[in-house]
Amino acid sequence: MGSVGIEVNPIPKPFDGSDIDFGAEISGINAENLDDHTFEIIRSALYEHSVVVLKNQAGLSSAAQFELTRRFDPAASGLYSHGKNIDKRSVLHKDLTTVPSLRQVQVIGHGHVPEYEGLTNLNLTHPHHRTFHKHPIPVEEDRDFTHFYRWHIDSAMYALDPPKVTSLFAARVPKGRRQTVRYDDGTGDELDVPLGTTAFISGYRMYDLLSDEDKAWVRDSWVEYAAHPYIWMSQCKARSNGLGLFSDGLELSEDKLPPVEDDKVRRYPMVWKNPETEKLALMVYPTPVRKIVKGDGTVVDDLKEVRETLYHLQRPAISPQFVYPHDWAEGDLVLFHNHGVMHSIVGAFAEGEVRLFRQCNMAASEPPKGP
Ligand SMILES: [Fe+2]
């Protein structure tokens, strides 16, 4: 079989009281060198478990990370998920540094790195929730407490379709510290997490938690995303639990955006079907959403109502027991099904804590499929 020594096991529960039903660790694989059979094992684990963790991949090259990520969607054009150039006005502009030899691979992290992957004198910034949230954690508590930055699907949500898979590789991880995520949404919810965790939640669980009545209408409804969403939202502020924006009328009007081409506006079903398991996931990226179009033809385009409706559907699934906060170790390679889970950056590093990661994904060759 060629798979001797390869094991796929569900990830251990990350904390007492965790109720996650996704995530797997695969051992016995060297991602630098993959044959077709081994790739098939990873692929099938990813579609079944949504998030797969390959430990001990230290030294993994950018080229091998790219090749593995690309294998999930060989028909993809190879464009990075946010395209060739990220507009300076976009909220993403400061977060991403492209590996010069591989446009689909971004260096992300925090702190000063003299040299990495052909880049020199890098000063990386881990996105801090204070730059995006309306009610950030007070500065004096910032070392111990934090927020989920933004629950999202990796995607430009304009002109390009969301990547099927994203890979994240941890080259350097600062050690030891933990922080407490405060939801600050009136529930009192909190979650103890490793410093700089990446937090995942399942779109399948999000769908399963809906009432039968909500399942019925979301199953044949669509959402439309704003044109140039990351510029459109650049003045907006997010809720403290990272799940969408406040509606304070700060979205940029069309005359302040680059020209809008209607065929580039993204419209997707609210529910996406897993191509292998056929399970249904509620997959809506709340921040850039503009409209809901219901199966009966009703259009909800009042932004506040759109956001309140989504919040009601999505908030149950980000409760602490449903969150997987990955505890990064150097050499971890994490692949996730970007059409089945949402994720959030978390935490704030202190002076001198250096984190160095590589992220890779590609705009998909086809839009996600509805039920
Ligand atoms: Fe992301």
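**Overall form**

Colleague: How do you know whether the radius of gyration of the protein chain agrees with that of a compact globule?

Modeller: For 371 residues, a compact globule would have a radius of gyration near 21 Å; the protein chain has 20 Å, so the two agree. Keep in mind that this is a predicted model. The C-alpha trace spans about 55 × 50 × 45 Å along its principal axes. The chain has six helices and 21 strands, and 45% of its 371 residues count as buried.

Colleague: What share of the contacts between residues at least 6 apart in sequence joins residues at least 24 apart?

Modeller: That share is 77%.

Colleague: What does Tyr311 touch, leaving out residues up to four places away in sequence?

Modeller: Tyr311 touches Leu243 and Gly244. The C-alpha atoms of Tyr311 and Gly244 are 7.5 Å apart, although 67 residues separate them along the chain.

Colleague: What makes β18 and β20 edge strands?

Modeller: The open sheet has the order β18-β11-β20, with antiparallel pairing. Strands β18 (324-326) and β20 (341-345) each pair on one side only, and these are the edge strands. On average, neighbouring strands of this sheet are turned by 25° against each other, direction ignored.

Colleague: How do you know that β11 and β20 pair?

Modeller: Two strands pair if there are at least two bridges between them. Strand β11 (residues 198-202) and β20 have five bridges, in the antiparallel sense. Ile201 stands opposite Met342 in β20.

**Cores and domains**

Colleague: Which residues have the most contacts inside the largest nonpolar core?

Modeller: They are Val51, Val52, Ala281 and Leu282, in a core of 90 residues. Strand β8 (residues 165-172) gives this core its largest share, five residues. The core draws at least three residues from each of domain 1 (7-204 + 319-361) and domain 2 (206-316). Leaving out residues up to four places away in sequence, Val52 touches Ala24, Ile26, Ile42, Ala45, Leu46 and Leu335. There is also a second, separate core of five residues, including Phe66, Val105, Val107 and Cys360.

Colleague: How many residues does each domain give to the contact between domain 1 and domain 2?

Modeller: The centres of domain 1 and domain 2, taken over C-alpha atoms, are separated by 22 Å. The contact takes 34 residues from domain 1 and 36 residues from domain 2. On the side of domain 1 that touches domain 2, the elements giving two or more residues are α1 (36-49), β11 and α3 (203-208). The largest share of that side, three residues, comes from α1.

Technical notes:
Residues are numbered from 1 along each chain as its sequence is written. This is a predicted model: local features need pLDDT of at least 70, side-chain atom pairs count only at pLDDT 80 or more; totals for chains, interfaces and linings use all residues. Helices (H or I, at least four residues) and strands (E, at least two) are DSSP runs, numbered from the N terminus. The radius of gyration is taken over C-alpha atoms; the globule rule is 2.2 Å times the number of residues to the power 0.38. A residue is buried if 20 or more other C-beta atoms lie within 10 Å of its own, exposed if 12 or fewer, and partly exposed in between; C-beta atoms are placed from the backbone. Two residues are in contact if their C-beta atoms, placed from the backbone, lie within 7 Å. Axes are lines fitted to C-alpha atoms, for helices over the stretch in contact, and angles run from 0 to 180 degrees between N-to-C directions. A nonpolar core is a set of buried Ala, Val, Leu, Ile, Met, Phe, Trp, Tyr and Cys residues joined through C-beta atoms within 7 Å. Domain bounds come from an automatic or database domain assignment.
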